[in-house]
Every structure is written in C-alpha cells, then in structure tokens.
Amino acid sequence: SVLEEVVQAAMINTMSQDLGLAKKLGVKNMRFIASELIFKKGHNKVDIVGFDGVDLYFFELKKGRISNLGQVENYMINYRKPDNNAILTQLLKNYPINPVKKFKSIKGVMAMKYAENFELGSHGKKLKNDYGIKILFYDYSLLTKKLLWK
C-alpha cells in the first residue's frame with residue numbers, strides 16, 4: 001500500500017541517522033543494508049534489513065496493527081536454516097552498497113502503526129519471547145494546507 005511504502009522509504013532514508021531507532025532496539029547504531037530481500041521463491045521477502053555492527057535485523061513493516069508475529073517468525077526460521085544462512089552470508093559479503101562481512105545472529109522486528117490500546121495476543125507473546133522479536137510503533141500524520149481561492 002502507498003502509506004506502507006512511504007513509511008518504509010522514510011525508515012530506509014533515516015535509518016543510519018535515527019539514534020532513537022537504535023536506542024529503542026538497545027544498540028548503538030543501525031545501518032541500512034537492503035530492502036525487499038529475497039533469494040528463493042516463497043513468502044520470505046524481508047521489507048528492510050539493518051545491521052548494528054554485530055547482528056542483522058529483519059524489519060517487517062505493517063500499515064496497520066497486527067497481533068500476529070508469524071511473518072517475522074517465518075523469517076527467523078527460514079534464514080536461520082544452515083543452507084539459507086550460508087547463501088545469505090555470501091550474498092551480504094558481496095552486497096554492493098553496504099556489505100556485511102560477518103554477522104553473529106539474525107533478529108526480527110515488527111514495525112506497525114502506533115495505537116494506545118494495542119495488546120499482543122498470547123501467540124504473539126510466545127513468538128516474541130521464543131524468537132526475541134522486537135515490536136516498534138511508528139506514527140505518521142498527514143499534513144494538509146488550506147487553499148485560498150480568489
């Protein structure tokens with residue numbers, strides 16, 4: 001969707017300078033590596049890949065709010081498989097803009113629209129704990145200007 005793409009583009013464009021993002025994830029910095037990453041057919045296209053100097057972060061962005069973290073769980077399962085991890089490692093070593101020579105682990109982050117009354121379901125809580133998935137909330141506003149007609 002358009003708004004999701006706008007949020008994704010904003011996150012990519014500011015990721016390296018957004019110390020608030022790094023702080024919320026408990027790291028010193030976060031560098032943008034890739035977007036829409038996939039190397040095998042299937043449903044494992046990662047919206048944004050970030051790197052904190054040690055670990056990879058797979059960001060899944062949603063335009064609304066969801067309590068199901070299954071998509072991020074699937075990334076964790078898929079890209080941690082030894083054969084896929086080996087391909088990912090080689091791919092990122094040779095990535096043209098921001099190569100990653102090595103990484104310790106892969107972490108998942110679900111980013112969704114902010115809501116005061118959001119509550120993660122029991123399955124989501126289990127996945128968050130089992131896979132260490134972090135949840136971030138973003139906020140955006142649509143600015144309008146009044147047009148004056150003569």
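The model is predicted. Strand 3 spans residues 56–61 and pairs with strand 2 as well as with strand 4. Six of its six residues are buried, so the strand is largely enclosed by the rest of the structure.

**Burial of strand 3**

- In a regular strand, side chains alternate between the two faces of the sheet.
- In strand 3 both faces are covered.
- One side carries Leu56, Phe58 and Glu60, and the other carries Tyr57, Phe59 and Leu61; all of these residues are buried.
- Phenylalanine 58 has a relative accessibility of 0% and therefore counts as buried, the cut-off being under 20%.

**Strand pairing**

- Strand 2, residues 46–51, runs antiparallel to strand 3, and the two are joined over four bridges.
- Within this pairing, phenylalanine 58 of strand 3 is the bridge partner of valine 49.
- The hairpin formed by strand 2 and strand 3 has four residues between the strands.
- Glycine 53 in that hairpin adopts a positive phi near 100°.
- Strand 4, residues 106–113, pairs with strand 3 in the parallel sense over six bridges.
- Leucine 56 has isoleucine 106, in strand 4, as its bridge partner.

**Aromatic residues**

- The model contains four aromatic pairs.
- In one of them, phenylalanine 58 and tyrosine 79 have ring centres 5.2 Å apart, which lies within the 6.5 Å limit for a pair.
- Their planes meet at 80°, over the 60 degrees required, so the pair is edge-to-face.
- This pair links distant parts of the chain, since phenylalanine 58 belongs to strand 3 and tyrosine 79 to helix 3 (residues 70–80), 21 residues apart.
- Tyrosine 79 is also buried, at a relative accessible area of 1%.
- Phe58 and Tyr79 belong to one aromatic cluster together with Phe39 and Tyr75.

**Aspartate 47**

- Aspartate 47 is located in strand 2.
- Its relative accessibility is 7%, so aspartate 47 counts as buried.
- A polar atom of the aspartate 47 side chain lies 2.8 Å from the backbone nitrogen of leucine 61, a residue of strand 3 that is itself buried.
- Aspartate 47 and glutamate 60 are 13 residues apart along the chain, and their C-alpha atoms are separated by 5.3 Å.
- Glutamate 60 is buried on the side of strand 3 that also holds Leu56 and Phe58.

Conventions: Residues numbered from 1 in each chain as written. Predicted model: local features only at pLDDT ≥ 70, side-chain atom pairs only at ≥ 80, totals over all residues. Heavy atoms only, no water. Phe/Tyr/Trp six-rings, centres within 6.5 Å; stacked < 30°, edge-to-face > 60°. Buried < 20%, exposed > 50% of the residue type's maximum accessible area, 1.4 Å probe, protein only. Pairing = 2+ DSSP bridges. Polar contact = N/O pair within 3.5 Å; in protein donor to acceptor, adjacent residues only side chain to side chain.
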